[in-house]
Amino acid sequence: MQKSIRCGVAALALTVPLVFGMGAGTATAAPQESVLQVPVVTGPEFGPVGVPGGLVQTIPIRAVVGEKPGEVRFAAADIRPYYYQFNYRHLTVNWRNLTTGEVGSAGLRHWIDEVDRTRPANQGGPQAFRLPLEVTAQTGAGPVVVTVTHDRENPDASNALIPGLGVLFVP
C-alpha cells in the first residue's frame, strides 16, 4: 500500500509540471563573452599615414559564444573614434573548427565611421567603411582556433606585427 502511494505521489509530482508547461526543457548556457588570448598588435604608426595612439598599438578582440549553437560573434573590444586614415584599415577574422575542419573568414571595422557618405565627394575610394563593427561566424560546435589580422587597403598589406590569436570552445 505504501509503495503504491509513493508511486502515485511521484507520478503526480512529475505529471503536474508537464501539464502546466513547466517540465524540464532544453538546458542552455548563458552566452559567454571573452577576449582572445592574444590581441592584434599593429605598427609601426608614424608620419602622415599613421593613426593616433602611438608607434605600436593593440586591438583586443571580443568573442561571444553560446547565443546560438555553432555561432561566435566577433568585434573589437574597444571601438576607436574616427580618424581619416582608418578609412584604409580593417580587421580580418579567420577561424578553423578543429573538430569538423570548417574554415571561414570575415572582415570588420574597429573604428566608428563618421563620414557623410551621402555626399558625392565622399563616394568611392576605400571600402573599409562598408564593413560592420561586428560579425557572426558560423563555426560549428567544438574547439575553434581564431586568428585576426589588421589589414590596410593602401598599400594592400597586413599591418599586424602580431596577429590576434585565440582558442574558443563553441557549444
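Biologist: How exposed is Glu67, as a relative accessible area?
Modeller: This is a predicted model, and every value here is computed from it. Glu67 is partly exposed, and its relative accessible area is 43%.

Biologist: Which residue forms a salt bridge with Glu67?
Modeller: A salt bridge needs a side-chain nitrogen of Lys or Arg within 4 Å of a carboxyl oxygen of Asp or Glu. For Glu67, the closest N and O atoms of the pair are 2.7 Å apart. The partner is Arg73.

Biologist: Is Arg73 buried or exposed?
Modeller: The cut-off for buried is under 20% relative accessible area. Arg73 has a value of 17%. Arg73 is therefore buried.

Biologist: Arg73 also meets Glu134 in a salt bridge. How many residues apart are they?
Modeller: The N to O distance for Arg73 and Glu134 is 3.3 Å. Arg73 sits in strand 5 (residues 71-76), and Glu134 sits in strand 8. The pair links distant parts of the chain, 61 residues apart.

Biologist: What else does Glu134 meet in a salt bridge?
Modeller: Side chains of opposite charge can pair when their charged atoms come close. Here the N to O distance is 3.8 Å. The side chain that Glu134 meets is that of Arg62.

Biologist: Which strands does the Arg62 and Glu134 pair tie together?
Modeller: Arg62 lies within residues 61-65, and Glu134 within residues 134-138. The two parts are 72 residues apart in sequence. The pair ties together strand 4 and strand 8.

Biologist: What are the relative accessible areas of Arg62 and Glu134?
Modeller: Arg62 is buried. Glu134 is partly exposed. The values are 17% for Arg62 and 37% for Glu134.

Biologist: How many salt bridges does the structure hold, and which residues are linked in a network?
Modeller: The structure holds three salt bridges. Glu67 pairs with Arg73, Arg73 with Glu134, and Arg62 with Glu134. The network links Arg62, Glu67, Arg73 and Glu134.

Biologist: What share of contacts joins residues at least 24 apart?
Modeller: The count takes contacts between residues at least 6 apart in sequence. Of these, the share joining residues at least 24 apart is 66%.

Biologist: What percentage of the chain's residues is buried?
Modeller: The chain has 171 residues. It exposes about 10,000 Å², with 62% of that supplied by carbon and sulfur atoms. Buried residues make up 33%.

Conventions: Residues are numbered from 1 along each chain as its sequence is written. This is a predicted model: local features need pLDDT of at least 70, side-chain atom pairs count only at pLDDT 80 or more; totals for chains, interfaces and linings use all residues. Side-chain values use heavy atoms; hydrogens and water are left out. Buried means under 20% relative accessible area, exposed over 50%, partly exposed in between (1.4 Å probe, protein chains only). Contact means heavy atoms within 4.5 Å. Accessible areas come from the Shrake-Rupley method with a 1.4 Å probe; for residues, only the protein chains shown count as cover. Helices (H or I, at least four residues) and strands (E, at least two) are DSSP runs, numbered from the N terminus.
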